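Me: Let us go through this model one residue at a time. Please show it to me before we start.

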Amino acid sequence: MIPNSNLHVTKNYLSAVFKKQLGKTVTEFIHEVRMDKAIFLLNSTKLPINDISIVCGYDDSNYFCRVFKRRYKISPRQYRNNLFNK
């Protein structure tokens, strides 16, 4: 990891530039990338939800489920059940 001093910018400045360029915060971007991976894994594997949360970078599967539900308005389990009930 490169320390901030080597970049000669502050964390706040870097965050502001990121938001201006992409229209979302760094955290929102990270969640988006992780949720895309979660959807892929839910669609293509039979891994347990807890394992998917870990593979996607969430140490706490409850937090993973909250983030997933906030984004998709459905829990990961409900999402997977809907796949198999079609």
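Me: Is Arg80 buried or exposed?
Reply: Arg80 is buried, as its relative accessible area is 11%. Buried stands for under 20% relative accessible area, exposed for over 50%, and partly exposed for values in between (1.4 Å probe, protein chains only).

Me: What should I know about the model itself?
Reply: This is a predicted model, in which local features need pLDDT of at least 70 and side-chain atom pairs count only at pLDDT 80 or more, while totals for chains, interfaces and linings use all residues. Residues are numbered from 1 along each chain as its sequence is written, and side-chain values use heavy atoms, with hydrogens and water left out.

Me: Where is the place of Arg80?
Reply: Arg80 belongs to helix α6. Helices here are DSSP runs (H or I, at least four residues), as are strands (E, at least two), numbered from the N terminus.

Me: Which residues is Arg80 in contact with, leaving aside neighbours within four places in sequence?
Reply: They are Leu41, Leu42, Thr45, Lys46, Leu47, Pro48, Ile49 and Ile52. Contact means heavy atoms within 4.5 Å.

Me: How do α3 and α6 pack?
Reply: α3 and α6 (residues 76-84) pack at an angle of about 40°, and their axes are 10 Å apart. α3 is therefore oblique to α6. Axes are lines fitted to C-alpha atoms, for helices over the stretch in contact, and angles run from 0 to 180 degrees between N-to-C directions. Angles under 35 degrees count as roughly parallel, over 145 as roughly antiparallel, 65 to 115 as roughly perpendicular and the rest as oblique.

Me: Which residues in α3 and α6 meet?
Reply: Ile39, Leu41, Leu42 and Asn43 in α3 meet Pro76, Tyr79, Arg80 and Leu83 in α6.

Me: What about Asn43: how does its accessibility count?
Reply: Asn43 counts as partly exposed because its relative accessibility is 43%. Beyond residues up to four places away in sequence, Asn43 touches Tyr79 and Leu83. The side chains of Asn43 and Tyr79 make a polar contact at 3.0 Å. Such a contact is a pair of N or O atoms within 3.5 Å; within protein, one must be able to donate a hydrogen and the other to accept it, and residues adjacent in sequence count only if both atoms are side-chain atoms.

Me: Changing topic, how many residues has the largest nonpolar core?
Reply: The largest nonpolar core has 13 residues, and those with the most contacts inside it include Met35, Ile52 and Phe64. The elements giving two or more residues to this core are α3 (26-44), α4 (49-55) and α5 (61-72). α3 gives the most, with five residues. Such a core is a set of buried Ala, Val, Leu, Ile, Met, Phe, Trp, Tyr and Cys residues joined through side-chain atoms within 4.5 Å.

Me: Is Ser53 buried or exposed?
Reply: Ser53 is buried, at 0% relative accessible area. Ser53 sits in helix α4, and a polar atom of its side chain lies 2.6 Å from the backbone oxygen of Asn50. Not counting residues up to four places away in sequence, Ser53 touches Tyr58, Ser61 and Phe64.

Me: Lastly, what is phi of Lys73?
Reply: Phi of Lys73 is near 65°, a positive value in a residue other than glycine. Lys73 is in the loop between α5 and α6 and counts as exposed because its relative accessibility is 67%.
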